[in-house]
Amino acid sequence: MRFMIIVRSTPEFEAETRPDPDPAVLAEMARYHEELAAAGVLLDGNGLRPSRDGWRIAYGRDGVRVVDGPFAETKELIAGYTLIDVRSRDEALAWSRRFPNPVGAGRDALVEVRQLYELDDFTPGDEIERMKRIEASRRADDTAGRR
């Protein structure tokens, strides 16, 4: 079961001019990710650049348009994520409870955890099988690239 631990953005993250986190926070994050890796559950984890460096794709009656950042509502933004693959929701909960405070001890922060859909969650069909072949090919490419 894959889960994404989502770090919600803050005005401070959005105002950053360079990624220079507090050394204590960085040390805690490194320790946590080392533990995830040692347990064999870490798939990926990264911080995201502020929204001013991004864009949104807006779909509507008039077609598709690109909306450049920055975006005003920081509570809707993501500052980073950690992707884990665990055996159960309870295991994901246990790992996420240990996630370090991304802004530093004693400060307000919000981390959200969401389970990813697996292709087996969907009704079987030709397109799901097509997606499974794409996923299998991607995994094979990842494995070959690590050799």
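Gly40 follows helix H2 and has a positive phi, near 75°. Most residues other than glycine have a negative phi, and most peptide bonds are trans. This is a predicted model, in which local features need pLDDT of at least 70 and side-chain atom pairs count only at pLDDT 80 or more, while totals for chains, interfaces and linings use all residues. Residues are numbered from 1 along each chain as its sequence is written, and side-chain values use heavy atoms, leaving out hydrogens and water. Helices (H or I, at least four residues) and strands (E, at least two) are DSSP runs, numbered from the N terminus.

**Helix H2**
- H2 covers residues 23-38, which is 16 residues.
- At 1.5 Å a residue, H2 should span 22 Å, and its end C-alpha atoms are 22 Å apart, which agrees. The expected span is 1.5 Å times one less than the number of residues.
- Val25, Met29, Tyr32, His33 and Leu36 are the buried residues of H2. They sit on the same side of H2, because they cover an arc of only 95° around the axis. That arc is taken from the directions from the helix axis to the C-beta atoms.
- Buried means under 20% relative accessible area, exposed over 50%, and partly exposed in between (1.4 Å probe, protein chains only).
- Pro23, Glu34 and Ala38 are exposed on the other side of H2.
- The cover over the buried residues of H2 includes strands E1 (2-8), E2 (42-47) and E5 (78-85), as well as helix H3 (89-97).
- At the start of H2, a side-chain oxygen of Asp22 comes within 2.7 Å of the backbone nitrogen of Ala24.

**Ser96 in helix H3**
- Ser96 lies in H3. Its relative accessibility is 14%, so Ser96 counts as buried.
- A polar atom of the Ser96 side chain lies 3.0 Å from the backbone oxygen of Leu93.
- Leaving aside residues up to four places away in sequence, Ser96 touches Ile5, Tyr32 and Val113. Contact means heavy atoms within 4.5 Å. Tyr32 is also one of the buried residues of H2.

**Strands E3 and E4**
- E3 (residues 55-60) pairs with E4 in the antiparallel sense over 6 bridges. Two strands pair if DSSP finds at least two bridges between them.
- The two strands form a hairpin with 2 residues between them.
- Gly60 stands opposite Gly63 in E4.
- E4 (residues 63-68) is hardly covered: the count of buried residues among its 6 residues is 0.

**After E4**
- Pro70 is in the loop between E4 and E5.
- Gly69 and Pro70 are joined by a cis peptide bond, with omega about 10°.

Conventions:
A polar contact is a pair of N or O atoms within 3.5 Å; within protein, one must be able to donate a hydrogen and the other to accept it, and residues adjacent in sequence count only if both atoms are side-chain atoms.
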